[in-house]
Amino acid sequence: MQISSRFTIAIHILACVETFGKEHKITSDFLASSINVNPVIIRKILSQLRNAGLIEVARGAGGTTATKPVDEITFYDVYKAVDLLEEDTLFHFHENPNPDCPVGKNIHMALEKLERIQRAMEQEMRQFTIADVAGQIRQCM
């Protein structure tokens with residue numbers, strides 16, 4: 001199981017918006033050149049971020065801007081925007097374990113701890129913001 005690269009690409013997008021937004025129009029082509037992926041992928045993720053209310057995208061060469069200060073946009077916000085989870089769960093249970101097997105009959109109950117793991121991960125994601133990423137990048141420039 002792995003969180004898709006959409007998450008890290010979305011973080012990259014928002015870091016570019018924060019880092020370059022005052023000097024450049026942040027377009028899908030501009031972002032694609034930084035991230036080194038096809039602009040179509042960028043446009044899909046921009047759409048997800050826009051639908052989540054994290055960015056505004058002006059059509060054409062208008063550019064992309066964050067809808068609120070980047071110190072208020074958490075990793076969790078980005079994760080929820082781009083990594084669409086089935087039924088809001090990170091771990092998907094296999095549907096039909098054998099009810100005649102002692103393991104099969106009890107496996108779902110025994111794996112309830114996975115929900116706790118997901119909640120802990122999500123809580124940790126709320127501790128980090130796009131401002132943290134942009135600040136760290138600025139230190140390296």
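N36 counts as exposed, because its relative accessibility is 69%, where exposed means over 50% relative accessible area, buried means under 20%, and partly exposed lies in between, as found with a 1.4 Å probe on protein chains only. This residue sits in the loop between α2 (28-35) and α3, and N36 has a positive phi of about 65° although it is not a glycine. The helix names used here follow DSSP runs numbered from the N terminus, a helix being a run of H or I with at least four residues and a strand a run of E with at least two. The model is a predicted one, in which local features need pLDDT of at least 70 and side-chain atom pairs count only at pLDDT 80 or more, while totals for chains, interfaces and linings use all residues. Residues are numbered from 1 along each chain as its sequence is written, and side-chain values use heavy atoms, with hydrogens and water left out.

The residues that make the contact (heavy atoms within 4.5 Å) are S28, D29, L31, A32 and I35 of α2 together with P39, I42, R43 and L46 of α3. Sorted by class, the contact of α2 with α3 has 6 nonpolar, 1 polar and 2 charged residues, where Ala, Val, Leu, Ile, Met, Phe, Trp, Tyr, Cys and Pro count as nonpolar, Asp, Glu, Lys and Arg as charged, and the others, Gly among them, as polar.

Two residues of α2 deserve a separate look. L31, which has its place in helix α2, counts as buried because its relative accessibility is 0%, and, not counting residues up to four places away in sequence, L31 touches I13, C16, I26, I42 and L46. The C-alpha atoms of L31 and R43 are separated by 9.5 Å, these residues being 12 residues apart along the chain. S34 also lies in helix α2, but S34 is partly exposed, with a relative accessible area of 33%. Leaving aside neighbours within four places in sequence, S34 is in contact with H12 and C16, whereas the C-alpha atoms of S34 and K105, which are 71 residues apart along the chain, are separated by 50 Å.

These contacts lead on to α1 (5-20). The axes of α1 and α2 come within 10 Å and cross at roughly 115°, and the two helices are therefore roughly perpendicular to each other. Here I9, H12, I13, C16 and F20 in α1 meet F30, L31, S34 and I35 in α2, and the residues of this contact divide into 7 nonpolar, 2 polar and no charged. With α7 (130-140), α1 packs at an angle of about 65°, with the axes 9 Å apart, and that makes α1 roughly perpendicular to α7. This second contact is made by I11, L14, A15, E18 and T19 of α1 and I130, V133, A134, I137 and R138 of α7, which divide into 7 nonpolar, 1 polar and 2 charged.

Which residues touch the most other members of the largest nonpolar core? In this core of 30 residues they are I13, L31, I42, L49, V78 and V82, a nonpolar core being a set of buried Ala, Val, Leu, Ile, Met, Phe, Trp, Tyr and Cys residues joined through side-chain atoms within 4.5 Å. At least two residues of this core are supplied by each of α1, α2, α3, α4 and α7, and the largest share, 9 residues, comes from α1. I13 touches L31, I35, I42, I45, L46 and L49, not counting residues up to four places away in sequence. In soluble globular proteins, nonpolar side chains tend to be buried together.

Finally, in helix α4 (residues 75-82), the residues Y76, V78, Y79, A81 and V82 are buried. The buried residues of α4 pack against α1, α3 (39-51), α6 (113-125) and α7.

Technical notes: Axes are lines fitted to C-alpha atoms, for helices over the stretch in contact, and angles run from 0 to 180 degrees between N-to-C directions. Angles under 35 degrees count as roughly parallel, over 145 as roughly antiparallel, 65 to 115 as roughly perpendicular and the rest as oblique.
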